[in-house]
Each structure stands twice: as structure tokens, then as C-alpha cells.
Amino acid sequence: MKIEPMEIADFKAELERLHGCSFGWALSCCRRDATEAEEVLQTVYLKIFEGKARYRGESSLKTWLFAVIRKTAATEYRRRLLRSLRLAADTSEVNDLAAPFENQTASFERSEVQMHFQGALKTLPRRQREALHLVFYEDLSLREAADVMGVSIGSARQHYERGKKKLRESLTRMEMGYGNNWGRQENPSAV
Amino acid sequence: MEIIGDDKKIRALFSEAKLADAQTTPSFTSQWHRAQSRAHRPGRAFKLSLAAVTALLVCALISLAVWSQYSQPRPTYSAVADLRAPESSKPARVDNVAVDPAPVSSDPTVQRRVRSRVNRSATQANAALIASRGKSTTEATTIDTWQSPTSALLTSQTDGLFKSLPQLNENANELKSFLPGRANEKEK
């Protein structure tokens with residue numbers, strides 16, 4: 001059953017307003033694979049258009065939309081994984097799926113710090129990465145992040161704290177590494 | 001949420017990533033139109049789940065049909081039941097009527113009517129029994145006189161010669177007379 005034309009128009013305006021955030025969240029859910037993120041977002045819009053995903057006003061529209069994106073991304077990932085397993089002979093496709101981040105890093109310019117930051121994010125468990133993204137990138141509260149992730153607020157807080165701790169450690173390690181490198185470059189005879 | 005020290009750094013890094021993502025974000029209109037065009041695309045004619053359900057349904061129907069065919073009672077059992085029924089029912093009916101004195105009144109006409117009814121039912125039971133016995137006898141006779149259609153092939157005209165024994169004082173020529181051709185020569 002499709003939603004009414006008036007509802008579509010209303011939704012379209014709201015979705016357009018949230019489109020940038022939605023794409024960022026889809027990117028995070030798809031491990032920074034822009035192509036996959038676009039596909040996921042299209043599928044989400046299709047679900048809304050066909051009335052398969054219906055907003056009932058139980059939470060904010062942004063929270064609901066992000067939850068739909070997260071579920072759709074998980075489904076799409078599973079489907080792609082199955083497809084790649086079926087075509088196991090074609091190893092290049094499997095490699096593409098396993099390392100989408102590396103391909104994407106080449107697609108647009110990033111500072112070295114940003115690259116390391118994204119690399120550190122990638123090493124985090126999915127839940128922790130999601131919690132950090134929702135809080136820092138999307139400016140959601142922990143309660144809203146918990147709603148999107150489909151977990152309790154206590155669980156979301158734990159993921160957030162643990163993720164932040166790990167990310168901080170990894171950033172400190174990275175800074176120390178830079179310091180050592182720069183030190184070597186500045187005074188090679190000191191070693 | 002309080003943001004201090006490293007949190008600020010993390011937030012700054014996320015903001016930087018957000019800016020970079022904003023540059024690569026596809027336009028909403030194109031995404032929406034693509035989604036709409038996907039919605040208008042005709043669905044797959046063959047759905048795997050539908051095919052599986054149909055196959056299961058067909059299997060269930062076939063097994064049900066087979067089961068119902070084999071679970072039906074055989075007609076031979078009913079024939080045996082028909083043959084035995086009159087024998088067992090006959091004395092039971094008569095006894096019931098004769099032993100139970102309550103419904104029978106002392107009036108002789110009523111007694112006569114009851115007796116005649118009992119006699120009639122007994123006669124009917126006897127007739128049924130006789131009919132069934134006659135039927136079984138006829139069937140037995142039919143079975144007794146039954147001959148195989150190939151039994152004629154087992155007999156021949158010379159069966160008598162093979163079944164009779166020659167006498168001890170007969171000579172060889174006479175013995176030869178058993179043969180049909182020789183007998184004719186001797187007569188000549």
C-alpha cells in the first residue's frame with residue numbers, strides 16, 4: 001500500500017532537509033562506501049515511497065529515518081555478502097567488498113590526520129562506531145542514539161564511552177608516531 | 001553533554017569528515033527520482049518463495065490423496081460381515097422379545113399379535129440366513145465346477161493306452177498291438 005500524495009510531498013520536503021545527514025549516516029553504516037551508501041539511501045526512499053517504512057510519530061523523524069537507514073544498510077550488506085559468496089570464483093569482487101574504505105580514500109582528498117582518524121574508526125566495533133558517529137557527527141543525544149541503534153540508553157552509553165576511549169588511545173598513538181617521525185626529520189643525528 | 005579536551009578534538013575530526021562528505025553527497029532530487037523509477041519497475045514474474053510454497057502445497061495434496069486411497073476399508077470385509085450378521089442377530093432378537101415380559105399384556109389377542117410379529121421376524125431372519133447360505137452354496141458349487149480354460153490341452157486320445165497295463169503272457173507282437181497303426185494291420 002502506497003502513502004498518500006500529500007504525505008509524499010510532506011515527506012519529500014523533510015527528507016530533502018535531512019538528506020545530507022542521512023547520506024553521512026548511510027556512509028558510516030556502509031563502512032564509507034559511497035556507492036553502497038547511495039544504493040541504501042535509494043532503497044530507503046523507495047521503502048518510504050511504497051509505504052513499507054511508515055513513520056508513526058513515535059520518535060523524531062530524524063531518529064526514525066536513521067533507524068530505517070541502519071536496518072536497510074545491514075540488509076543490503078548481508079545481501080551483497082551472499083552474492084559475493086555465490087560468485088566466490090570472482091575474487092576481485094570479494095576484495096572490493098572487504099575493503100571499501102581503501103577504495104574510497106582514493107576518491108577524494110583527505111588530510112593525513114583525517115585518514116588515520118577514519119582508519120582508527122574502522123578498527124572500532126560496529127556499535128561503538130555507530131554511537132560515536134551519532135553523537136559527534138549527527139549531534140544526537142545518547143537517548144536518540146540508543147533509539148536509532150535499537151538498544152537501551154545504558155548500552156548506548158557503554159558503547160559510546162568504550163569507543164571514545166579506544167579512539168582517544170589510537171589518536172594519541174598516532175600523535176606520538178608523528179612526533180617521533182617529525183623528531184627524526186628535524187634532527188636525524190639524535191637517534 | 002560536556003565536551004572537554006580530547007572530545008573537542010574528536011568532534012573537530014568528525015566535523016572535518018562531515019564537510020568532506022557534504023562535497024560528495026549526491027543530490028536529493030536524483031536519488032528520489034531513481035527510487036521512484038525503481039518503484040515503477042515491474043516486479044519479478046517468478047518468485048522463489050511462491051514457487052516453494054506451491055510445490056509444498058502440491059506435495060501435501062498428493063500425499064493426502066494417496067493416504068485417503070489406502071486408508072479406505074476393503075469391500076471383502078463388508079461381505080464377510082454381511083454373511084455372519086443374520087446368524088448372530090437371529091437368536092438375540094427372539095430372546096429379547098421372548099424374555100422381556102413387561103411390554104406384553106395378558107390379553108390373548110395382543111399376545112397372539114406379538115407372537116405373530118416374533119414369528120414374522122424369525123421367519124425373515126431365517127429367510128435371510130437361507131438366502132445367504134444358498135448364495136454361499138451356489139458360490140461353492142460354482143467354484144467346484146470351475147475348470148481351467150487350458151485343461152483341454154492336458155488330455156489326448158491316447159490317454160487310455162498309457163493308463164492300462166499289458167498282460168504278462170502277451171508276446172511282443174501283441175504288445176505292439178497297443179500301438180494304433182499295428183492294430184489295424186493285424187485286423188487285416
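Q: Two residues are in contact if their C-beta atoms, placed from the backbone, lie within 7 Å; which residues does A:Ser59 touch, not counting those up to four places away in sequence?
A: This is a predicted model, in which local features need pLDDT of at least 70 and side-chain atom pairs count only at pLDDT 80 or more, while totals for chains, interfaces and linings use all residues. Residues are numbered from 1 along each chain as its sequence is written, with chains lettered from A and ligands numbered from 1 in the order in which they are written. A:Ser59 is placed in the loop between helix 3 and helix 4 of chain A, where helices (H or I, at least four residues) and strands (E, at least two) are DSSP runs numbered from the N terminus. Leaving out residues up to four places away in sequence, A:Ser59 touches A:Trp64 and A:Asp147.

Q: How many other C-beta atoms lie within 10 Å of A:Ser59?
A: A residue is buried if 20 or more other C-beta atoms, placed from the backbone, lie within 10 Å of its own, exposed if 12 or fewer, and partly exposed in between. A:Ser59 is partly exposed because its count of other C-beta atoms within 10 Å is 16.

Q: What is the C-alpha to C-alpha distance in space between A:Ser59 and A:Glu144?
A: A:Glu144 is one of the buried residues of helix 9 of chain A, with A:Ala145, A:Ala146, A:Asp147 and A:Val148. A:Asp147 is also touched by A:Ser59. A:Ser59 and A:Glu144 are 85 residues apart in sequence, and their C-alpha atoms are separated in space by 8.6 Å.

Q: At what angle do the axes of helix 8 and helix 9 of chain A cross?
A: Axes are lines fitted to C-alpha atoms, for helices over the stretch in contact, and angles run from 0 to 180 degrees between N-to-C directions. Angles under 35 degrees count as roughly parallel, over 145 as roughly antiparallel, 65 to 115 as roughly perpendicular and the rest as oblique. Helix 8 of chain A is therefore oblique to helix 9 of chain A. The two axes come within 9 Å and cross at roughly 135 degrees.

Q: How many nonpolar residues are in the contact of helix 8 of chain A with helix 9 of chain A?
A: Helix 8 gives A:Arg127, A:Glu130, A:Ala131, A:Leu134 and A:Val135, and helix 9 gives A:Leu142, A:Ala145, A:Val148 and A:Met149. Ala, Val, Leu, Ile, Met, Phe, Trp, Tyr, Cys and Pro count as nonpolar, Asp, Glu, Lys and Arg as charged, and the others, Gly among them, as polar. By these classes the contact has two charged residues, no polar ones, and a nonpolar count of seven.

Q: What is the handedness of the crossing of helix 3 and helix 4 of chain A?
A: The axes of helix 3 and helix 4 of chain A come within 9 Å and cross at roughly 120 degrees, and the two helices are therefore oblique to each other. A crossing is left-handed if the near helix is turned anticlockwise from the far one by less than a right angle, and right-handed if clockwise. The crossing of helix 3 and helix 4 of chain A is right-handed.

Q: How many residues does helix 3 of chain A give to the side of chain A that touches chain B?
A: The contact takes 27 residues from chain A and 24 residues from chain B. By class, the chain A side has 14 nonpolar, six polar and seven charged residues. Helix 3 of chain A gives the most to that side, and its number of residues is eight.

Q: Which residue follows helix 2 of chain A?
A: Helix 2 of chain A is mostly covered, with ten of its eleven residues buried. Among the buried ones are A:Phe23, A:Trp25 and A:Leu27. The residue that follows has a positive phi, near 50 degrees, and is A:Arg31.

Q: What percentage of the residues of chain B is buried?
A: Chain A has ten helices and zero strands, and 34% of its 191 residues count as buried. Chain B has eight helices and zero strands. Of the 188 residues in chain B, the buried share is 4%.
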